[in-house]
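Dear colleague,

Please find the structure below, together with a short account of the findings.

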Amino acid sequence: MSDCVNVLKKTRPVDSDRVCRTVLAAVASLAAVTVVAMIIFIAGQGFDALSEVGIWEFLTGSVWRPYIGSYGAASLIAGTLMVTAGAMMVACPIGIGAAIYLSEIASPKTRKKVKPIIEVMAGIPSVVYGLLGIMILVPMMHGLFPDQTVSGLSWLTGSVLLGIMALPTVISVSDDALQTVPSSYREASLAIGATKWETIMKVIVPAAASGISAAVILGIGRAIGETMAVMMVTGNTAIFPDPIWNVFSTLRTITATLALEMPEVVVGSTSYSALFLLALILMIMILAINLSVRAVMNRSARKFSGD
């Protein structure tokens, strides 16, 4: 009996904080290692195309026709960037404005009804948005601009649809960021004579800049990585708009190209490798956009905090 008592006395209690730190560090490391492994694998698969075609020709060539050995991805890169930029021009003003309304203006009863609807919209599959785009948005665009577009399939249609798809994410995350701003900020601003609108625009929104930047980044990620919906409404022609600002022109994105050509490509061929190189370029584009948006928003946040 005395031996059991001595063993229990020598047993140290488990340090739960240390265990949690170790587990979380392992999970974070696993996520980082997974991303790095993905980049290495995709880059390795795309090396053959890079060595055969050349990086300059691949990035600047305007003709993408793998069946004749032409691998110019410039039109695909431009199409991806243009349709994403158009989507953000739709989603950001409307989304941030709606978030400001829900957080600062709407009554608690209205907010309680509207917020769940917005969150449900974020879970609708992209193919459903694509079907709605074909059935409603495409004919609408053709009816509004009959002299500009033949069928309604265009850069503008894709941007509007992607903007609608990104709206729930932008609204929900921006609203959560605005809600986290302390009430003392609002009270102090109103106490010195600022109007409610001045308080919102000069105090609340700058204070929530980092959270709003996260909303914008997530919206960009939803738009630039979308496949099915954009493939269904943009026309899927790997060309540059003529002129470049012609929003009624058809185009094709990188994601649509991967979805359309990967099932039929011969494994190990140059075309197969070129598709992986496109995927690598898409990852680099997303990383560059995220870092740029975060840098701009962090600068805004530092300006507000006075650092």
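Which residues of helix 7 are buried? This is a predicted model, in which local features need pLDDT of at least 70 and side-chain atom pairs count only at pLDDT 80 or more, while totals for chains, interfaces and linings use all residues. Residues are numbered from 1 along each chain as its sequence is written, and side-chain values use heavy atoms, without hydrogens and water.

Helices are DSSP runs (H or I, at least four residues), numbered from the N terminus. In helix 7, S126, Y129, G130, G133, L137, V138 and M141 are buried, that is, under 20% relative accessible area with a 1.4 Å probe and protein chains only. Their cover includes helix 6 (108–121), helix 8, helix 11 (209–224) and helix 12 (228–233). Helix 7 (residues 126–144) also has a kink of about 45° centred on G133; the bend is the angle between axes fitted to the seven residues ending at a residue and the seven starting there.

Helix 5 (residues 74–105) packs against helix 8 (residues 155–179) at an angle of about 35°, their axes being 6 Å apart. Such axes are lines fitted to C-alpha atoms over the stretch in contact, with angles from 0 to 180 degrees between N-to-C directions.

T80 belongs to helix 5 and is buried, at 2% relative accessible area. Beyond its neighbours within four places in sequence, T80 is in contact (heavy atoms within 4.5 Å) with I224, R252, T253, I254, L282 and M285.

Finally, the count of disulfides (pairs of cysteine sulfur atoms within 2.5 Å) is zero.

With kind regards

Key
Helices (H or I, at least four residues) and strands (E, at least two) are DSSP runs, numbered from the N terminus. Buried means under 20% relative accessible area, exposed over 50%, partly exposed in between (1.4 Å probe, protein chains only).
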